[in-house]
Amino acid sequence: MPSVSCYEALTRITVPEKQPYSGDMVFTAFSGSHQDAISKGMKYREENQLDIWDVPYIPIDPVDIGRNYQTDVIRINSQSGKGGVGYLLETNYGIKLPYKMNEELGYAIKDISDKTNRELTA
């Protein structure tokens, strides 16, 4: 399958960030409520060992088209919430915070992202 960079070089047409299936941010969720739903959907899939893909806000498994939901889906900025921060902590570091602590950390992370005006990494 040709890459986005190959397509852009050959056609001189830029692929928008949120272009379905190929844009850099097509699977990205910054909204706290979307992140929470995705996190719960991923946890449900894992706990129930489901073979079919059924995760809120993500119509197909990103892996099927060469993407990675660890880096492409839950991303943190000033719109993110406790669910997104909690998901990254748990999946990247195995840390599961108590609800209230997760909520406070979520506010602190949002504040940092807002003041620095940038996306934060795990």
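N117 counts as exposed because its relative accessible area is 70%, where exposed means over 50%, buried under 20% and partly exposed in between, with a 1.4 Å probe and protein chains only. N117 is found in the segment after α5, and its phi is near 55°, a positive value in a residue other than glycine.

The model is predicted, so local features need pLDDT of at least 70 and side-chain atom pairs count only at pLDDT 80 or more, while totals for chains, interfaces and linings use all residues. Residues are numbered from 1 along each chain as its sequence is written, and side-chain values use heavy atoms, with hydrogens and water left out.

**Chain as a whole**

- Read from the N terminus, the order of elements is α-α-α-α-α.
- Along the principal axes, the C-alpha atoms fill a box of roughly 50 × 40 × 20 Å.
- The chain has 122 residues, and 34% of them count as buried.
- Of the contacts between residues at least 6 apart in sequence, 49% join residues at least 24 apart, a contact being heavy atoms within 4.5 Å.

**Other single residues**

- Y57 lies in the loop between α2 and α3, and its phi is near 70°, a positive value in a residue other than glycine.
- Y57 counts as exposed, at 54% relative accessibility.
- E47 is found in helix α2 and is exposed, with a relative accessible area of 58%.

**Packing of α2 and α4**

- Two packed helices are described by the angle between their axes and the distance between the axes.
- Helix α2 (residues 32-47) packs with helix α4 (residues 82-93) at an angle of about 35°, and their axes are 8 Å apart; axes are lines fitted to C-alpha atoms, for helices over the stretch in contact, and angles run from 0 to 180 degrees between N-to-C directions.
- On the α2 side the contact is made by Q35, D36, S39, M42 and K43, and on the α4 side by G83, G84, Y87 and E90.
- These contact residues divide into 2 nonpolar, 4 polar and 3 charged, with Ala, Val, Leu, Ile, Met, Phe, Trp, Tyr, Cys and Pro taken as nonpolar, Asp, Glu, Lys and Arg as charged, and the others, Gly among them, as polar.

**Pockets**

- The largest pocket has a volume of about 610 Å³. A pocket is an open set of points on a 1 Å grid over the protein atoms alone, with protein on both sides within 12 Å along at least five of seven lines, and lining residues have an atom within 4 Å of a point.
- A volume is the space filled by probe spheres set on the points, which are joined across faces, edges and corners.
- The lining of the largest pocket has 24 residues, and S39, K40, K43, Y87 and E90 lie nearest the centre.
- Helix α2 gives the most to this lining, with 9 residues.
- By class, the lining of the largest pocket has 7 nonpolar, 8 polar and 9 charged residues.
- The second largest pocket holds about 160 Å³ of space, and its lining includes Y57, H34 and I38.
- The lining of the second largest pocket divides into 10 nonpolar, 2 polar and no charged residues.

Conventions. Helices (H or I, at least four residues) and strands (E, at least two) are DSSP runs, numbered from the N terminus. On a 1 Å grid over the protein atoms alone, a cavity is a set of points where a 1.4 Å probe fits but cannot get out, and a pocket is an open set with protein on both sides within 12 Å along at least five of seven lines; lining residues have an atom within 4 Å of a point.
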